[in-house]
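Keep the structure open as you read.

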Amino acid sequence: MTVDATLTAMAEWEALEAHYGSLEDQSLRNLFAGDPGRAERFAVEAAGLFLDYSKNRITGETVRLLSALARARGVEARRDAMFAGEKINVSEGRAVLHVALRAPRDWKIVVDGEDVIPEVHAVLDRMAAFSDQVRSGAWKGHSGKRIRNVVNIGIGGSHLGPEMAYRALHAFSDRSLTFRFVANVDGAAFTEATQDLDPHETLFIIASKTFTTLETMANAAAARRWALAALVDEKAIARHFVALSTNGEAVEKFGIDTDNMFGFWDWVGGRYSMDSAIGLSTMIAVGPDNFRAMLAGFHAMDEHFRTAPIERNMPMLMGLLAIWYNNFFGAETIGVMPYSANLARFPAYLQQMQMESNGKHVDVEGRHVEVQTGAVYWGEPGTDAQHSFYQLIHQGTKLIPVDMIGFCAPLSPIAEQHDLLMANLFAQAEALAFGKTAEELAAEGSDPKQTPFRVCEGNRPTNMILADRLTPHTLGALVALYEHSAFTQGAIWGIDSFDQWGVELGKVLAKRIVPELTAAAEPALAHDGSTNGLIRRYRRLRAR
């Protein structure tokens, strides 16, 4: 995408700056009082999700001006280019086609002259056949025992997505199978994940596109040693390990049968890969039918994003609101608070998706950006979070917009507690928006000495996302919502949301330092004084 005018010099940006000046001191109390139909007007429904964004510091004019900015920045054209398979990842010269992973069989998306949809479904069909074998007990370990434990070894998107999805969809999973997820190269992570498992009944899924990822391959090697300590025969590896990779030579050298290697493509970014072969552990857990229901949820939101006008487009609206708070109000973070214990890992998943996508300091032309990009996404499930950091959101000096997520039907039979959960969700959004004034406290008979401490200013913005129930379809739609919100933000800033060169630098340096930590004699160190000193201290203490 090429944009002639720099962002802040555009008439649409300047119009938003002027509008912000007129709205900066406006309160949500006044906005609601002056507009009885506000809640109905600032709401949109798509793919089984309902978004109430009325508790934002906006008017109809704000939406109009933000939409005009999106059009001027070519967000729709860039979206269409993505769906068409164009190489919008400019720094790596790649298409960006996670939307193809959930497209129906009768769709057609061409990359470099080839329709990718048949191959996508061929991999899904192979995944389904393998998942059915494991779930039915037809897939046996080397000693003839049934597989009862599945350990996913990956990092980044090949870990966060599968772990999040498993926890989110636990109610739909096969409870006779145990699932564990290992990413951290700290050996304690692997040790704790496997300490109560039987190697004869354990299947490892090694997720690494190149099969060279440093942390993943270190844990894979540990898994291989752990398995062979009990199974002894090298041939056992083929019954207890499968690979999610494209490097057949390395997979075969490890001992994995390449018939049990499930591939994906260079147009699938790690943080957008949970619905690719990377989701094999998810499919084994919930079954192929539920996995395809999740894909249908993704696709439903994709279609909404692809076809709805900006003013009624849920992902675009959320992305534009993030721009509004980031670049005009100066908010640096966005909280994500799912009122669902099963979505406990959803904020961590979004951290990577959003911050790896939009944590960029140059635009697609290589020019330094003029404005603050990528917000910090963070959060915890409610109601835990209410007794943790909500104090700062309510009465602190930082503006923190919050996305709140809830479900109308419980996954648990303890219905009365779900009512309490949802009451807290709605109450927190109300309290953040409207607060409590000194006059209201006085009317309630509050001790005047406590009044300054008890006043809550309100005017804290929230998005409320509701769905009927946390199902596979709902999870797919929810993830796609945030994927396309991140896309919208990146397109407004004119950055490449699909590379991650910042991650690579640390990996390169780590490979250089590893032998410096383990060499018998201290090698010549050529780092900065601090790093040299830390390496020497580590070597000295490790030797003890």
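Two strands count as paired if DSSP finds at least two bridges between them. The model is predicted. With that rule in hand, look at strands S10 and S12. S10 covers residues 333-338, and S12 covers residues 402-407. They run parallel, and 4 bridges join them. Within this pair, Met337 stands opposite Met404 in S12.

Now step back to the whole sheet. It is open and has 6 strands. Their order is S1-S2-S13-S12-S10-S11, and the pairing is mixed. Which strands form the edges? They are S1 (43-46) and S11 (376-378), and each pairs on one side only. Neighbouring strands are turned by 15 degrees against each other on average, direction ignored.

A helix covers part of this sheet's strand set. Helix H15, residues 346-358, lies across S10, S11 and S12. H15 runs at about 165 degrees to S11.

The largest nonpolar core has 124 residues. Which of them touch the most other members? They are Trp267, Ile284, Trp324, Phe346, Leu475 and Tyr482. Helix H20 (residues 472-493) gives this core its largest share, 11 residues.

Take Ile284 as an example from the largest core. Set aside its neighbours within four places in sequence. Ile284 is then in contact with Phe130, Ser131, Val134, Arg135, Val150, Leu177, Phe179, Leu203 and Ile205.

Finally, the backbone. A cis peptide bond joins Gly382 and Thr383, with omega at about 10 degrees. Thr383 sits in the loop between S11 and helix H16 (390-395).

Two residues other than glycine have positive phi values. For Ala47, phi is near 55 degrees. Ala47 lies in the loop between S1 and strand S2 (49-52). For Val232, phi is near 70 degrees. Val232 is found in the loop between helix H9 (214-231) and helix H10 (237-240).

Are these two residues buried or exposed? Ala47 counts as buried because its relative accessible area is 18%, under the 20% limit. Val232 counts as exposed because its relative accessible area is 64%, over the 50% limit.

Definitions and conventions. Residues numbered from 1 in each chain as written. Predicted model: local features only at pLDDT ≥ 70, side-chain atom pairs only at ≥ 80, totals over all residues. Heavy atoms only, no water. Axes fitted to C-alpha atoms, helices over the stretch in contact; angles between N-to-C directions. Contact = heavy atoms within 4.5 Å. Core = buried A, V, L, I, M, F, W, Y, C linked by side-chain atoms within 4.5 Å. Buried < 20%, exposed > 50% of the residue type's maximum accessible area, 1.4 Å probe, protein only.
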